Amino acid sequence: MFGSIREEMNAYEEKAHGEMDAWKRSMMKNPSIGGSLAKGVQTKLNGFIPEKVHRVITLTIEKMVKAVLFGSTYVSSAQKREGSLQLREAYVKRVSRHYQQVATLEGAVTGAGGILMGFADFPAFLAIKIKLLFEIAAIYGYDVRDYKERLFILYVFKIAFCSQQKRKDVLAHMENWSQFIQTLPEDVDHFDWRDFQQEYRDYIDLAKMAQLLPVIGAVVGAVANHKLTAQLRLMAMNSYRLRYFNHKMDAKR
């Protein structure tokens with residue numbers, strides 16, 4: 001089946017499919033020794049945090065993500081109904097460069113402001129990242145007003161900012177999205193927000209903790225936001241490529 005689909009691919013699609021396969025292999029790799037040690041340290045530190053604090057953090061991140069991801073004010077991206085994969089991804093790269101510049105500036109400004117401004121970076125950078133995912137989803141032709149499409153955006157966000165141990169499971173769900181979506185709760189309140197916030201917070205803490213330090217905070221904030229936004233774009237492109245090529249396979253059946 002896949003062989004017949006490859007025969008119908010143009011040069012760009014073959015290149016994109018090769019990049020997607022390489023990305024999938026990287027998502028399936030076992031964690032590095034350094035990554036395992038860092039995750040172990042984070043897990044131990046989380047164990048020292050009182051349960052009440054965990055509940056407050058979980059609720060705070062849940063409210064922020066739901067406000068941005070499920071708030072009607074963020075549904076502004078026009079769904080692109082036509083266009084080749086190459087054209088769509090050219091748009092994705094152009095839009096992503098804009099958001100990367102915004103995120104870099106935001107990280108520099110909040111990093112220069114010390115600890116208090118550093119804390120303000122968290123919700124601001126979160127909003128930038130999710131808005132970028134809305135734009136990318138619409139460019140690939142998906143209706144971001146659809147609740148299920150917003151859930152997919154949530155999983156793209158999750159695979160981008162979770163530990164290597166978790167990525168295998170997230171990728172498996174995304175590869176079988178049409179079946180997996182049937183198992184998800186209709187009410188987003190029943191989503192596992194505790195796991196989501198802990199994975200996200202641990203990942204971001206490792207990348208951005210030095211942003212809270214004086215003098216170097218601005219540089220760290222700018223560089224971290226620049227790299228994390230670029231990573232999100234790469235994760236999103238390959239996540240939507242999965243659906244693109246799966247759809248082509250389904251159409252041939």
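Which helices each supply at least two residues of the lining of the largest cavity? They are α7 (147-160) and α10 (193-208). This is a predicted model, in which local features need pLDDT of at least 70, side-chain atom pairs count only at pLDDT 80 or more, and totals for chains, interfaces and linings use all residues. Residues are numbered from 1 along each chain as its sequence is written, and side-chain values use heavy atoms, with hydrogens and water left out. Helices are DSSP runs (H or I, at least four residues; strands are E, at least two), numbered from the N terminus.

**The cavity**

- A search of the whole structure finds one cavity of 30 Å³ or more.
- On a 1 Å grid over the protein atoms alone, a cavity is a set of points where a 1.4 Å probe fits but cannot get out, and lining residues have an atom within 4 Å of a point.
- The largest cavity holds about 30 Å³ of space, where a volume is the space filled by probe spheres set on the points, and grid points are joined across faces, edges and corners.
- Its lining consists of Phe157, Lys158, Phe161, Cys162, Phe196, Glu199 and Tyr200.
- α10 gives the largest share of this lining, three residues.
- By type, the lining of the largest cavity has five nonpolar residues, no polar ones and two charged ones.
- Nonpolar here covers Ala, Val, Leu, Ile, Met, Phe, Trp, Tyr, Cys and Pro; charged covers Asp, Glu, Lys and Arg; the others, Gly among them, count as polar.

**The second largest pocket**

- The second largest pocket has a volume of about 310 Å³; a pocket is an open set of points with protein on both sides within 12 Å along at least five of seven lines.
- Of its 13 lining residues, Glu175, Ser178, Asn246, His247 and Asp250 are the closest to its centre.
- Two or more lining residues come from each of α8, α9 (177-180) and α11 (217-252).
- The largest share, five residues, is from α11.
- The lining of the second largest pocket divides into four nonpolar, five polar and four charged residues.

**Helix packing around α8**

- α7 and α8 (residues 164-175) pack at about 150°, with their axes 9 Å apart.
- Axes are lines fitted to C-alpha atoms, for helices over the stretch in contact, and angles run from 0 to 180 degrees between N-to-C directions.
- α7 and α8 are therefore roughly antiparallel (over 145 degrees; under 35 is roughly parallel, 65 to 115 roughly perpendicular, and the rest oblique).
- Phe152, Tyr155, Val156, Lys158, Ile159 and Ala160 in α7 meet Arg167, Val170, Leu171, His173 and Met174 in α8, where contact means heavy atoms within 4.5 Å.
- The residues of this contact are eight nonpolar, one polar and two charged.
- α2 (residues 11-28) and α8 pack at about 135°, with axes 7 Å apart, and are therefore oblique to each other.
- Trp23, Lys24, Ser26, Met27 and Met28 in α2 meet Gln164, Arg167, Lys168, Leu171 and Glu175 in α8.
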